[in-house]
Amino acid sequence: MRRDIWQWGSFTLQYISFAGPKPTKEGRRMDLHAMRHSAAHVMAQAIRELYPNAQFAFGPETETGFYYDVKIPGGAIGNEDLPKIEKGMQRIAKGRHPFVRSEMSRDEALKYFGSQEFKVKALEGLLAGEKTVSLYEQNGFTDLCKGPHVEHTGQIGAFSVDRIAGSYWLGDSKNEPLQRVYGLCFPTMDELKEYKTMMEEARKRDHREVGKKLDLFSFHEEGPGFVFWHPKGLTLFNTLISFIRDENDSRGSREIKTPEILSVDLWHRSGHYDNFREHMYFTSAEEKPYAVKPMNCPGSILVYKEGLHSFRDLPLRLMEMGHVHRFELSGVLHGLFRLRAFTQDDGHIYCAPEQVEGEISSFVDYVFHVYKIFGFEDVTVFVSTRPEHSMGADEVWESSTNALKSALEKKGVAYKVKEGEGAFYGPKIEFNVKDCIKRNWQLGTIQVDFSMPERFELDYVHTDGSRRRPVLLHRAVLGSLERFLGIYMEQVVGAFPPWLAPVQAAILSVTDNQNEYAKEILAALKAGGVRAELDVSGERLNKKIRNAQLAKTPYMIILGEKEAAARNISVRLRSGENVNEISTETFVRTVGDLSASRSNVLWPVLPS
RNA sequence: GCCGGCGUAGCUCAGGGGUAGAGCAGCUGAUUCGUAAUCAGCAGGCCGUGGGUUCGAUUCCCACCGCCGGCUCCA
């Protein structure tokens, strides 16, 4: 598990119910942190029993348990060791061995841990300033540790040794590689089981599997990190774009489109060359250097600079379905979540300084509105401050960060601060949503930028005729459309609402005798704007239904003798319910209405 | 990029130093059937790529590519 809940490309489950101390079956109040930390020590002991020469680095708790970074000189821990380690841990836990704290001077500790190279490094590095250090011992195993721990190993609750992964001393790939052994630990067995069930659920929802099963997209060796959209996936993608386009239009945004490859000079001027180069693709033509755009702002700025702007034009809201390329290390690619090229619903708002707050305020409303439509009701807001790698004066950073905070405060929107997580050109607000299995995802963002307007000498004519510098706001509601679709696929496990479903209706003839009628119905549905497919495969109805059901098709139009004779249709909903013998017009109108309102409902009033 | 694992038919997966198997999907035929898999037959693979070891490699070794899980990074 990663330490931070908003990270994507992976996810972190938050177990709210475990936020604080909790009584165990022993009736004691136990601190979960101490419990997990203690479990790490017990695991270390179990590992040492298996590999007496194991070298231990750090073993902290995580959000779902703990891990320990280990090196086995001349060997490695294998998957087959995990059950052994777990057994060892169970034995130690059963022994109810007390955790005994002691202190010694740093010099003594250096001698004491002489054979543990990482403990020595820790004492010489991180702990160099300490006079004394604390140790914890259980059952003959002593570790350097500041604690606290539970009283004895019997208080550790339910745990399991989960998996093994690579890591480095101090997390730096230049340092020595270590093995990280992850463990899960919860107060009770029920909670451990619940977590494991949830992980199983998450695996089943994996958008890469959904995409394959529903024939939405694929990946190929020939283009690692680049998605290939299939017809059904692209229908989804285009439907999403048309949705967000409508939302933008109704908020006064004008759409533009700018080139994907632009002169390197532009990227020097924008600061991307200095601050973002390692993520950029470069090319050349006629011996002139170009870069493939990793962001859309410079293109938008060129559009703004074309012509003179009056204060009356502001705020000028431009937006672009910008397809950007960003080089990513091969090891981080992950389905639609982490690509090397993706499409942003990327807006750039040029406004007067006094308009910033109002723009932010209405953007917050916009974001909440859209997320709700997708069933993301639980939104967390973060303000990210100046990162190390950045440009601009401190005062400007401070005032723009304050502008963000004050806009949120005036709206009464609660937020948390993420120090040093802003963009290189300005601070930002990030919007996180929680999906239905409690995973957090970062989606939208709005960023204040005083820097680009300066670099590109943007201006507008003020009321008094003087030239003023506008503020640039960068904003995205969905972020990466590809990634958003991946998240949403996992949210609904491929069962898209009618308005998004690539195939809205599957027309199933009961026997071949209805195939002609089925073709008529197909034409009628298509004419009515319903995305429909015909199944005249000669399979039995059961099989046709099964196929449509596995494809998560919202509506199955069943056409048998009865319907053909009465010239009506029967609808089986994805939910299993039926709306029998209605007119094609009623069906088209109903699906149309539900789609127009982006409803999640399959049918307005379910038959009883 | 780094650490570890994996790569066999369109998909899911068995197998294993003597040259490959299942289920589903596909094709053909029969069946014409009312709410989650009709039956039978056929076809389908340079066992990721390139080297090496060997009489012989898909199997063992090495390198590369890709994928998966992590580290780091990130939309």
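The chat below goes through domains, a sheet and packed helices.

User: What kind of model is this, and how are things numbered?

Analyst: This is a predicted model, where local features need pLDDT of at least 70 and side-chain atom pairs count only at pLDDT 80 or more, while totals for chains, interfaces and linings use all residues. Residues are numbered from 1 along each chain as its sequence is written, chains are lettered from A and ligands numbered from 1 in the order in which they are written, and side-chain values use heavy atoms, leaving out hydrogens and water.

User: How is chain A divided?

Analyst: Chain A has domain 1 (16-203), domain 2 (210-486) and domain 3 (505-596). The bounds come from an automatic or database domain assignment. Between the C-alpha centres of domain 1 and domain 3 there are 58 Å.

User: OK, sheets. What is the strand order in the open sheet of eight strands?

Analyst: The order is β12-β16-β17-β24-β21-β20-β18-β19, and the pairing is mixed. Strands are DSSP runs of E with at least two residues, helices are runs of H or I with at least four, and both are numbered from the N terminus. Two strands pair if DSSP finds at least two bridges between them.

User: Which are the edge strands?

Analyst: β12 (254-255) and β19 (416-418), each of which pairs on one side only.

User: And how do β16 and β17 run?

Analyst: Strand β16 (residues 316-325) and strand β17 (residues 341-351) run antiparallel, joined by ten bridges. His325 stands opposite Ala341 in β17.

User: Which strands does α11 lie across?

Analyst: Helix α11 lies across β16, β17, β18 (379-384), β20 (428-434), β21 (440-449) and β24, at about 5° to β24. Contact here means heavy atoms within 4.5 Å. Axes are lines fitted to C-alpha atoms, for helices over the stretch in contact, and angles run from 0 to 180 degrees between N-to-C directions.

User: At what angle do α11 and α12 pack?

Analyst: Helix α11 (residues 356-373) and helix α12 (residues 394-411) pack at about 55°, with axes 9 Å apart. They are therefore oblique to each other; angles under 35 degrees count as roughly parallel, over 145 as roughly antiparallel, 65 to 115 as roughly perpendicular and the rest as oblique.

User: Last topic: which residues of α15 meet α18?

Analyst: Ile521, Ala524 and Leu525 in α15 meet Thr584, Phe587 and Val588 in α18. The axes of α15 (residues 515-527) and α18 (residues 584-596) come within 10 Å and cross at roughly 35°.
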